[in-house]
Amino acid sequence: MASRTKSYLWGAVFAVLMALAIPWFLWGNDTVVAGFPVWLWWHIGWMGVAAVTFAAFARDGWGVWMDGWSA
Amino acid sequence: MVSVSILQSGANVSVQLGIIVAYLLLTLAVGLVAYRLTDRTAEDYYLASRTLGTVVLLFTTFATLLSAFTFFAGPNIAYGLGPEWILVMGLMDGIIFAVLWYVVGYRQWLIGKEYGHVTLGEMLGDRFGSVRLRATVALVSLFWLFPYVMLQQVGAGDALSALTDGAVPYWAGAGLITVFMILYVALSGMRGVAWTDTIQGLFMLTMVWAALLWVLSDVGGVGAATGALAENKPEFLALGGGAYSVPWMLSNAIGIAFGVAMFPQVNQRFFVARSEKVLKRTLALWPVVVVLLFVPAFMLGAWAAGLGVPMPESGNILPGVLTEFTPGWFAALVIAGAMAAMMSSSDSMLLSGSSYFTRDIYRPFLNADASERREDLIARVGVAAFATLAFVASLFNPPSLYVIGDTAFGGFAQLALPVIVALYWRRTTRTGMYAGVLGSQLFYMVTTLTPAAGNSTTLGPLTIPGVMESFAGWSSSVVGMVVGLVLVVAVSLATAQAKAERPAVVMGPGADD
């Protein structure tokens with residue numbers, strides 16, 4: 001993958017990670033499942049997704065945006 | 001009832017004091033071991049010669065920053081406003097800070113390793129060819145850091161005093177802890193501080209989970225605890241509402257995350273990783289640690305509201321929950337751990353504050369020819385001076401310093417965007433940096449340190465009018481960051497770089513000139 005494409009792709013991935021860490025689409029929802037509100041379960045799951053994504057980034061994306069440092 | 005609680009608190013006092021003394025002795029022992037391993041150079045003293053591994057780096061960063069906050073303020077917010085604070089802190093520390101860990105941290109690590117920088121100001125001073133800019137960044141940082149250190153000492157002194165029912169007065173408690181911190185920080189430097197933080201962080205994580213399991217088994221499980229919340233505080237279970245508006249949640253998450261990255265003791269940790277591998281592993285572990293610590297700690301606060309646990313006199317709900325549902329010795333253990341945590345934040349701040357002073361002010365302006373050994377000595381003396389001054393200031397209880405300490409995160413956040421622009425944009429100019437750094441500081445100070453809009457206060461012969469603090473629900477911290485960004489970019493475009501500026505310092509050896 002060209003490094004320019006790669007840097008846009010990872011930028012978009014990070015933006016999505018930030019945008020949905022709080023489940024805005026569940027605003028006002030108070031459904032409780034297995035002892036926690038659904039929005040809390042979403043957040044816990046999302047942080048798991050974030051950890052896996054960061055691990056993937058460390059493997060495949062590390063070095064993007066670093067200009068002359070990654071050359 | 002009263003006599004029982006006095007008896008219990010009597011037993012708690014000896015347990016708590018025992019735990020605190022044990023903790024103090026342990027840190028001193030760790031400090032001594034670290035001292036024996038330390039070279040007598042500033043780089044080794046401040047940065048452990050850039051050799052920290054994954055676990056130590058993760059926990060030293062985590063314990064340094066979040067310990068006292070997790071134990072006290074976080075559960076208090078969840079108790080008062082609802083558990084959505086978990087989401088705010090998760091976004092803030094688990095995601096935004098993790099991204100900054102790469103964007104700011106990895107870049108700083110690369111630059112620092114190449115050029116041997118020890119502080120943020122040193123790196124910027126090198127890039128912009130200006131010792132004045134270097135000192136400006138250090139002075140802005142020390143302005144916000146000093147009162148924040150003072151608040152930690154006040155917290156520890158108050159806690160010791162409350163613990164002993166006033167038998168140890170405030171000045172003696174805060175003084176004892178100050179002397180102790182000076183001893184082991186002056187001795188051991190970054191290596192010792194990082195090791196004690198690691199012990200502290202692991203202890204914290206264990207205690208929070210033990211507390212959660214203990215309380216839940218007492219109230220009949222997570223279903224029962226949340227059931228009580230649904231019955232007595234149903235609004236807490238719905239996402240949002242009350243204080244939780246979208247701009248408020250985002251202002252906190254963004255403002256604090258960027259502030260964290262510029263807090264000296266955290267920013268300096270960007271320089272200390274042993275290898276790239278350490279930074280990579282830490283990045284992926286960050287959201288995991290955040291969930292493991294915040295979900296149980298803040299849910300305990302929220303459940304306490306549903307279970308009708310009254311807020312104790314200390315003003316912190318976590319001790320209240322523990323006293324209600326767990327035996328005295330266990331509550332004592334957790335509370336003493338929290339006090340120790342407060343100290344583990346202070347020690348790192350002392351070390352960084354001293355390094356900002358010696359590296360960025362003493363050396364360039366007062367004694368440019370200082371030898372490595374001399375600088376190492378000054379660094380240790382600096383720790384003692386910084387801690388002593390903060391302690392003396394705390395004795396006078398100046399209200400203005402409280403306000404500055406309380407708003408420090410926002411003050412540091414103002415540095416973040418000019419720094420990021422400087423790290424990535426070759427066209428940034430020295431004048432642009434001054435405009436961005438000083439302009440955003442001015443904006444934030446005027447909006448934050450003055451009274452709320454509509455009020456006014458008098459300072460000697462002057463009447464200071466109130467200034468607005470919130471902009472359509474967004475905090476002045478986040479708005480100030482935008483002001484700083486606009487200023488650094490606009491002024492850089494309008495001015496030329498000085499001859500002494502060296503963009504190559506931040507752009508990397510492979511960049512085209």
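Visitor: What makes the place of Ile464(B) a strand?
Guide: Ile464(B) lies in strand β2 of chain B, residues 462-465. Helices (H or I, at least four residues) and strands (E, at least two) are DSSP runs, numbered from the N terminus. This is a predicted model, in which local features need pLDDT of at least 70 and side-chain atom pairs count only at pLDDT 80 or more, while totals for chains, interfaces and linings use all residues. Residues are numbered from 1 along each chain as its sequence is written, and chains are lettered from A and ligands numbered from 1 in the order in which they are written.

Visitor: Why is Ile464(B) called partly exposed?
Guide: A residue is buried if 20 or more other C-beta atoms, placed from the backbone, lie within 10 Å of its own, exposed if 12 or fewer, and partly exposed in between. Ile464(B) has 14 such neighbours, so it counts as partly exposed.

Visitor: Which residues does Ile464(B) touch?
Guide: Leaving out residues up to four places away in sequence, Ile464(B) touches Thr450(B), Pro451(B), Ser456(B), Thr457(B) and Leu459(B). Two residues are in contact if their C-beta atoms lie within 7 Å.

Visitor: How do you know whether Gly90(B) is buried or exposed?
Guide: Gly90(B), found in helix α4 of chain B, has 26 other C-beta atoms within 10 Å and is therefore buried. Beyond four places in sequence, the contacts of Gly90(B) are Ala21(A), His43(A), Met47(A), Val290(B), Val291(B) and Phe294(B).

Visitor: How many residues do chains A and B put into their contact?
Guide: Chain B gives 35 residues and chain A gives 30. On the side of chain B, α4(B) gives the most, with 11 residues. That side divides into 26 nonpolar, 7 polar and 2 charged residues (Ala, Val, Leu, Ile, Met, Phe, Trp, Tyr, Cys and Pro count as nonpolar, Asp, Glu, Lys and Arg as charged, the others, Gly among them, as polar).

Visitor: Why are α17(B) and α18(B) called roughly antiparallel?
Guide: Their axes come within 7 Å and cross at roughly 155 degrees. Axes are lines fitted to C-alpha atoms, for helices over the stretch in contact, and angles run from 0 to 180 degrees between N-to-C directions. Angles under 35 degrees count as roughly parallel, over 145 as roughly antiparallel, 65 to 115 as roughly perpendicular and the rest as oblique. The pair is therefore roughly antiparallel. By class, their contact has 9 nonpolar, 12 polar and no charged residues.

Visitor: How do you know that the radius of gyration of chain B agrees with a compact globule?
Guide: The radius is taken over C-alpha atoms, and the globule rule is 2.2 Å times the number of residues to the power 0.38. For 513 residues the rule gives a value near 24 Å; chain B has 23 Å, which agrees. Buried residues make up 56% of chain B. The chain has 19 helices and 4 strands.
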